[in-house]
Amino acid sequence: MINKQIVLIVFMLLTCLSYGQDSLKIVNIDTNKLKDVFSKGKLEISARSFFMSTINEGALKDDYALASGVGVGVVSKAFHGFQAGISSFVTYNLLSSNLTQLDQATLAPNRYEIGLFDVQNLNLKNNLIRIENLFLKYTISKTSLTVGKMKLNTPFLNLQDGRMNTTMEEGAWLNIHELKKIQINGGWLWNISPRSTTQWYTVSNSIGLYPTGVTEKVTKSDYFGNISSSGVAIGNIVIQPNEKFKMNVWDMLIDNVMNTSMIEVNTEFGKKMKFYQGAMFIHQNAINNGGNIDQSKTYMAKGSMSNAISAQIGMKNKRINTSINYTHITGDGRYLAPREWGRDPFYTFMLREKNDGLGNVHAITTKTTLNFLQGKFKTGIGYGYFLLPDVKDYRLNKYGMPSYHQLNYDASYTFDHFLKGLELKVLIAYKLKQGETYNTLKYEYNKVNMVNFNLILDFKF
């Protein structure tokens, strides 16, 4: 039987293409003709092919995978302030090693390549389909309210575009941009579809789809499916009195689980060569029992808290962007951010590793990006040193991650003319062990002494 979602994608594509060239143009004005709402909407087509391979030191298991997918979406033209959007993406496993097989020495599962597909359905290789955008948006002046399935980009829930699909959210989201120097954003979310999944989950069930590590009492964390929460409330105020100064204040409340507050200040000055600085402070605290009265099944231990600071200085112009970054998570407790929801907000973040589930961290990174050929070719290199607590300090090291060095190289080329819309990307990440692992390979496999290679081909129409 043909999958209903495939039929939907084909129908959307044929319908939108039948409208001709006008369907590819973004039209922002209202119309009095209902047919124009659809015939002059915006058609979005995207395709991605992604090859990834991880090579571990010695006899530890190596893996590879090649995924390919296509997405189709439509955003209608405004009709008395209303717009509707719908999109879907389908992924195929074209080639891969046995991603369900455990490493024989550590009995640990694959970590990276499974993220190209569905981490909850590893045996499913074809027709990995996800309904993505499905929303209704109302705009009046510079204020908009969106209800439904959508893509958000916040410090705590973000696109995290390092696999075949991104993290998406379902809820109600409000943007108030009436004032020139102050913006207000926020909303309430009740469902999440994390990156590397094809299903939509309630907020509580979306936490724990990835490995859960250990509790502070050295038992395996068992919070997946055991957290009680009705949703997530997020609020944001942006204050920007001029081009040189910007302050961001965020607060995320996971009902019955935890609260995370962040304040970030960024400054920039200069003309041809711009110098920029940034600083952020993050505070977290558990709410009630952290999600479950049984502390072996809770996400954040009752009464626990964490604090973190992150800072950066850098300079940039049209050709170069270089920065030095520092982060310190204090020893008050673990910094916790559901891995399923996005990347770290810290300036020291480097692709292919996160610093969540950790306390008493000192991290320093340097990042440099160069632009050539009028910005069509970009290349960059980043180095980071991450001093973490001992792998056996379970109170402050949730996933048993040793201290490490990380070196990333990335490059991208954006084509034009006949191949306009096509972009080729390369990412190579190397992580070298620095901390003690007590001759226990589970602290090294897919964590340190490894290389992760990525080749990505994107097409957007």
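**A buried threonine and the aromatic pairs**

Thr197 is found in the loop that runs between strand E7 (182–193) and strand E8 (201–202); helices (H or I, at least four residues) and strands (E, at least two) are DSSP runs, numbered from the N terminus. The model is predicted, so local features need pLDDT of at least 70 and side-chain atom pairs count only at pLDDT 80 or more, while totals for chains, interfaces and linings use all residues. Residues are numbered from 1 along each chain as its sequence is written, and side-chain values use heavy atoms, with hydrogens and water left out.

With 0% relative accessibility, Thr197 counts as buried (under 20% relative accessible area; exposed is over 50%, partly exposed in between; 1.4 Å probe, protein chains only). Its contacts (heavy atoms within 4.5 Å), not counting residues up to four places away in sequence, are Phe117, Asp118, Val119, Arg130, Asn165 and Leu209.

Turning to the aromatic rings, those of Phe, Tyr and Trp (its six-membered ring) pair if their centres lie within 6.5 Å; planes under 30 degrees apart count as stacked, over 60 as edge-to-face and the rest as tilted. Phe386 and Tyr404 are stacked, because their ring centres are 4.6 Å apart and their planes at 15°. This pair links distant parts of the chain, with Phe386 in strand E16 (residues 377–387) and Tyr404 in strand E17 (residues 404–414), 18 residues apart. Both Phe386 and Tyr404 are buried. Tyr413 and Phe415, by contrast, form an edge-to-face pair, since their centres are 4.8 Å apart and their planes at 80°. Tyr413 is partly exposed at 25% relative accessibility, and Phe415 is partly exposed at 24%.
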